[in-house]
Amino acid sequence: MLFNFRHLPFEQAILLPVFIYGNAEINIGNNGRIILRPTYVTAGMIKIGILLCDIFGHKPWMSTRLNIEGVWEINGVAEIENGSIVYVGKKARLSVGHAFFLHARSKIVCYESITIGRRVRTSWEVQIFDTNFHYLLNTDRNEIGYNNKPIKIGNYCWIGNRVSIMKGTVLPDGSTVAANSVANKDFTQYGENCVFAGQPAIHKKSSVRRLWVPPYFDLTIDEYFKNTNKRSLSLDSEECSFIRERMLT
């Protein structure tokens, strides 16, 4: 409760939009700010340190750490799961869209600019870094190059487990980055709804994106495939009408 009144305008704080769970370590620097820009504010719309997946066990809780020296802009519902780290450096800006979910043991390090669209989800142990941290010397030109470059992640993107999103990455809407991949370039040329995989990541498939429906629908689809022994389900079929009606926007 105190977090809300210390770091948010009173008219937002009184609604208690931020819930903090477990062993959270939070530092908001002298110039650090958390800015909420949703169309509505409700209690608990932002959850920090929450444990949603029991893959890593329920106890002990891992420490979730926020260190905000710059600006963290949140444009709707957001969940930062147990054991994750979010760092926003001085004069840096991290902007996340509505329904952003950072799952367990993931890290965001923002030295300059990271922009993430609406309904972006990560699996566990993802890293999103807009910096190389250390400088490199070009020995031919005897020059030191700038080591930060903005990251832009579009809407409805799905980031698989243990993916690294490095500086300069641009992911179009509907992108999927496969597990253990390293994304480090602008993928705009491939358009929306593509799969990228590899180290470094390259284009693998087009016209593919995650199905964005409420989580329990996955179980319903599982049952359909088990009961019918089919290997595909047309979204235009009558059997899929319940999914079409509940697809998230």
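**Close-up 1. Pairing of Ile153 with strand 20 in the predicted model.** Ile153 has Leu171 of strand 20 as its bridge partner. Strand 17 (residues 151-153) and strand 20 run parallel and are joined over 2 bridges; strands are DSSP runs of E with at least two residues, numbered from the N terminus, and two of them pair if DSSP finds at least two bridges between them. The model is predicted: local features need pLDDT of at least 70 and side-chain atom pairs count only at pLDDT 80 or more, whereas totals for chains, interfaces and linings use all residues. Residues are numbered from 1 along each chain as its sequence is written, and side-chain values use heavy atoms, with hydrogens and water left out.

Close-up 2. The order is 2-5-8-11-14-19-22, and the pairing is parallel. Strand 2 (24-28) and strand 22 (182-183) each have a single partner strand, so one side of each lacks a neighbour in the sheet. Strand 8 (residues 85-88) pairs with strand 11 (residues 107-110) in the parallel sense over 4 bridges; Cys110 in strand 11 is the bridge partner of Val88.

Close-up 3. Thr64 belongs to strand 5 (residues 64-68). Its relative accessibility is 1%, so Thr64 counts as buried (under 20% relative accessible area, with a 1.4 Å probe and protein chains only). Beyond its neighbours within four places in sequence, Thr64 has contacts (heavy atoms within 4.5 Å) that include Asn23, Ile48, Ile80 and Ser84.

How values were computed. Buried < 20%, exposed > 50% of the residue type's maximum accessible area, 1.4 Å probe, protein only.
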